[in-house]
Amino acid sequence: MLSRKRQMHYLVTIAEEGQLTAAARRLKVAQPALSQAISQMEAELGVELLERKHRGVKLTPAGAAFLLKARVALAAEADAVQTAEALARAHRGEITIGFVGPPPAIITPQPFAALSESHPQAQVSFRDLPFPHGATRAWLADVDVAFSHPPESEAGLDIQPVRTEPRAVVAQRSHRLAGRKELAVTDVLDETFVSYHRDVQRRWAGFHSLDDHRGAAPEHTTKDHAFTSLEMLGIISTSPGITTVPYADAKLAQRVVPHIAAIPLHDANPAVVSLTWRRDNQNPLITTLVSAVLSLGDVHGV
């Protein structure tokens with residue numbers, strides 16, 4: 001018999017997908033088993049949660065009300081586990097640093113040198129994160145802090161800028177714009193941009209597609225959708241899609257992937273690479289790292 005937690009997770013996924021087939025695929029379970037799990041929960045609760053239709057499923061009024069509570073319950077449990085794991089890391093003198101893009105110690109090494117100097121016994125580990133998706137607190141689940149372009153702000157989060165720098169366009173070397181020494185925003189607004197996975201935070205993805213200048217999503221996007229930095233580079237390598245990233249990140253990508261070009265975008269709003277963490281995370285190594293960042297002032301990319 002499935003746990004109530006698993007049943008609620010199934011219901012949330014079905015509600016998000018709108019189809020049992022798509023939900024089963026996402027959950028990696030057989031569709032009959034998924035349908036049976038929901039029917040079992042409905043029988044146990046004594047209320048119908050889903051209205052089955054030929055083209056999909058729809059929440060009943062009772063199902064919609066239950067869904068709200070299910071999401072709260074699942075989030076609360078996940079939050080409690082996340083807090084316990086963070087406390088355990090702090091107790092062991094560990095800090096896990098997540099990042100999107102290049103490892104932060106390569107481009108901004110100073111804070112980590114300061115952390116190592118002040119806490120030589122500290123165990124520092126790094127984790128390559130997917131792009132920010134869903135709730136930011138959930139995205140931070142396995143790390144103490146994250147270096148990236150700022151994710152969505154939420155209650156209980158702190159976001160500290162680390163460095164501000166221009167953006168650059170990243171494209172195939174065969175792209176018609178790749179030979180330019182510099183680009184303006186108007187040169188690229190109508191280009192085909194990398195499409196981001198639907199779960200990626202919309203504002204975060206939109207910043208990389210210049211939505212902040214266009215005022216809307218790009219008209220032309222790639223067929224494939226990126227969820228990680230490597231997927232993004234893979235799409236750029238095999239399609240006409242472009243994207244924008246902090247200039248230092250673009251230059252490093254160009255060195256690592258020879259057929260990638262990095263072209264400065266001189267008049268775009270600057271990128272602000274930031275450090276994000278949960279305010280209730282009491283790991284003292286976070287305070288040390290943040291203090292080291294603040295002591296640097298604004299570090300510009302090169």
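This is a short tour of the model, from the whole chain down to one pair of residues.

Before selecting anything, note that the model is predicted: local features need pLDDT of at least 70, side-chain atom pairs count only at pLDDT 80 or more, and totals for chains, interfaces and linings use all residues. Residues are numbered from 1 along each chain as its sequence is written, and side-chain values use heavy atoms, with hydrogens and water left out.

Start with the whole protein in cartoon view. The C-alpha trace spans about 65 × 50 × 30 Å along its principal axes. It contains 13 helices and 12 strands (DSSP runs, H or I of at least four residues for helices and E of at least two for strands, numbered from the N terminus).

Switch to a surface. The accessible area is about 15,300 Å², with 55% of it belonging to carbon and sulfur atoms (Shrake-Rupley method, 1.4 Å probe). Of the 302 residues, 46% are buried (under 20% relative accessible area, 1.4 Å probe, protein chains only).

Next, find the open sheet. Five strands form it in the order β4-β3-β5-β12-β6, with mixed pairing (two strands pair if DSSP finds at least two bridges between them). Select 123-128 and 157-165 to show the edge strands, β4 and β6, each of which pairs on one side only. Neighbouring strands in this sheet are turned by 20° against each other on average, direction ignored (axes are lines fitted to C-alpha atoms).

Finally, select Thr164 and look across to β12: which residue is its bridge partner? The partner is Val272.

Key:
Buried means under 20% relative accessible area, exposed over 50%, partly exposed in between (1.4 Å probe, protein chains only). Axes are lines fitted to C-alpha atoms, for helices over the stretch in contact, and angles run from 0 to 180 degrees between N-to-C directions.
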